Amino acid sequence: MKTIGRDFGDTARKVYAVASGALGNGKTCVVNSDGTVSVVSGTAESLGSQVAVGTHSFQNAFAVYDTGQDKVLFIYTGASQYGNAVVGTVSGSSISFGTPTVFISSNIGYLSATYDSNVGKTGIFFADYGNSEYGKACVATISGTSVSFGSVVTFSATTTSGGKSSTFDASQNKILLAYRESSSETVVRAATISGTSISFGSTTSLGVNATNQLALEYDTNAGKSLVAYINDTNNNKVDSKVVSLSGTTVSLGSQVTAYDGEATKVRMVLDSTNNKIVLSYFHSNLMHLIVATISGTSVSYGTPVSTGVKFGSGAEQKSHMSYNAAAKKVVIAGRDDANSYHQKYVTATVSGTSISVDSPVTYYAATSYVSASTYDPDQQKSVLFYAASSFSNPAVKILTVGSTTLTAENYIGITPSAYPTGAGAEIQTKGAVNEEQSGLTAGQSYFVQTDGTLGTTAGDPSVFAGTAVSATKIIVKG
C-alpha cells in the first residue's frame, strides 16, 4: 500500500494512502491491489420487466452480442420451426426489438452461433430437418435494428441432428465449429466469413462419439480453444481436448477427463477477468461447475461445485452460460426440471482454480422449456431469453448482476473527511473513532454493505464495520 504515514495514538489509528476516485466524508473504504484506496461501491441485483419477442412457437434459440453494432442478435425457430433472427437494443433494464427476419424457410434445429469480431458479422449453424438434417450455415449482418443474411450453404451433407458448438478464435480470425457429423463421429473444423459468405476447412475427428453433448470455447489468454464432450466410448464421462488452429487446420491435444463419472449436458464459457474457462455438466440430478486451465496443448481442472439446480434435460433446451464482466461473474441459466420447469439463474465467481456459487434465483415462475442468454458489455447487462408459454411466446428479461468492490479481506476503514482523486487520504482504521456518521444507534454493531453503506445485518461478504457509540460516532473495527 502507498502509505505515507501511520499514527498509533490511542484513539486516532489511521493510515495514509492515495485516493483512487473521490472519497466522500465518513465513507467505508477498501484497499486496492495497487495500494490505493477507494470507497466501497456496488450494484444491487435486479431484473427488468418481461418484454415479448413474439407469439409463435419457440423450440430452439441462441443469442449473441454484436460488439461492432452494440446490439443483441436473437436467433430462434419461429412459426413452422423456420429459422428467424431479430435485433435487440438494450437500454437500462429494458430491451427493444427490430423486425424478425427469416433466414431459412425450413424446419431447423440444433442451433449455434458466433460473432466474428474481425469482420463484424455472425455465423449461424444448424441442422436442416427439411433437407435430411444436413448441416447448414449462413452469415448474419446487423445494420441499425435490422438483420440481413447471406446465402445458406451446406457444410455437411449428412445427418447433423446433434449438438453443435462454435467459438471465435481471435488468434486466427476464424470461427471454430464442433458438431456431431454422423451417428458415430464428432468433428471440429474452421469456418471463414468473407463478406456475406462462409467457407469451411477440413474436418478433424475427435475420435469419439459425443452424442448430443459437446461444447467449444476459446481462451484468449492461451490462444487456444477447449472442446468438452460427453464421451459415449468412455462410460459417458466428461472428456476434453485442447484445440489448436493454424489457418484452417485444426489439431487436437491429448484427451483429458474433466469429470470421471457419468454425466450429461456439457457447456462452457470464458471468464475473461481470470482467464479461465468454466465448464458445466449435469450429474446426480444437479448441474455442476468446474474451472479449466489450458497450458500448452493440455488442460487441467479444479474441484467441481454444484449449482444446486436441476438445469434442463432436453438436448436442445439445456442450460446456457455467459460471463458478466461488470460483476466478474459467470451466469448459468435455464429451466429447473425439479421445480415445474421454471426458469432460474445462478451466478458464480472464479478464484484461481476454484469457483463459488451464489443462491439460485427464479426469474420466470411458470412452465418454460426453452431459453438462451448473452451479455451486453455496453450496457453491462445479462440478457435472458425464455419461452413465456412452454414451447412458445419467446420473451426476455434484462438482468443486472449484483456486484461490489468489497471482499472479505480488503476493508481498511472509514474516511474522517473528503478527498479528491489522487490526493493523499487519511483512513481511520481499527480502534479509531469516526465521527462523521448519522442515524446510528449507540451500542449497535454495524456491517459494511455491498454498496458501502452501514447496516445492522451482515452482507455477502460479511464484513464487520464497527460498533456505534452515538448517533454520529462509530468505533472502527475490521
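Me: Which residue stands opposite Val-448 in this model?
Reply: The model is predicted. In it, Val-448 faces Leu-454, a residue of β46. Strand β45, covering residues 445-448, pairs with β46 in the antiparallel sense, over 2 bridges.

Me: In what order do the strands of that open sheet run?
Reply: The order is β44-β48-β47-β45-β46, 5 strands with antiparallel pairing. At the edges are β44 (433-434) and β46 (454-455), each of which pairs on one side only.

Me: Is Tyr-76 buried or exposed?
Reply: The cut-off for buried is under 20% relative accessible area. Tyr-76 has 1% relative accessibility, so Tyr-76 counts as buried. This residue lies in strand β9, residues 71-77.

Me: Which residues is Tyr-76 in contact with, leaving aside neighbours within four places in sequence?
Reply: Among them are His-56, Phe-58, Tyr-82, Pro-100 and Leu-111. As for Thr-349, its C-alpha is 30 Å in space from that of Tyr-76, and the two are 273 residues apart in sequence.

Me: How is a pocket found?
Reply: Rolling a probe the size of a water molecule over the atoms shows where empty space is left. Here the second largest pocket has a volume of about 910 Å³. Of its 32 lining residues, Ala-327, Lys-329, Ser-403, Thr-404 and Leu-406 are the closest to the centre.

Me: Which element gives the most to the lining of the second largest pocket?
Reply: That is β35, with 4 residues. The elements giving two or more residues are β5 (42-43), β35 (342-351) and β41 (403-404). By class, the lining has 16 polar, 9 nonpolar and 7 charged residues.

Methods
Residues numbered from 1 in each chain as written. Predicted model: local features only at pLDDT ≥ 70, side-chain atom pairs only at ≥ 80, totals over all residues. Heavy atoms only, no water. Buried < 20%, exposed > 50% of the residue type's maximum accessible area, 1.4 Å probe, protein only. Contact = heavy atoms within 4.5 Å. Pairing = 2+ DSSP bridges. 1 Å grid on protein atoms, 1.4 Å probe; cavity = no way out; pocket = protein on both sides within 12 Å on 5 of 7 lines; lining within 4 Å. Points joined across faces, edges and corners; volume = space filled by probe spheres on them. Nonpolar A, V, L, I, M, F, W, Y, C, P; charged D, E, K, R; others polar.
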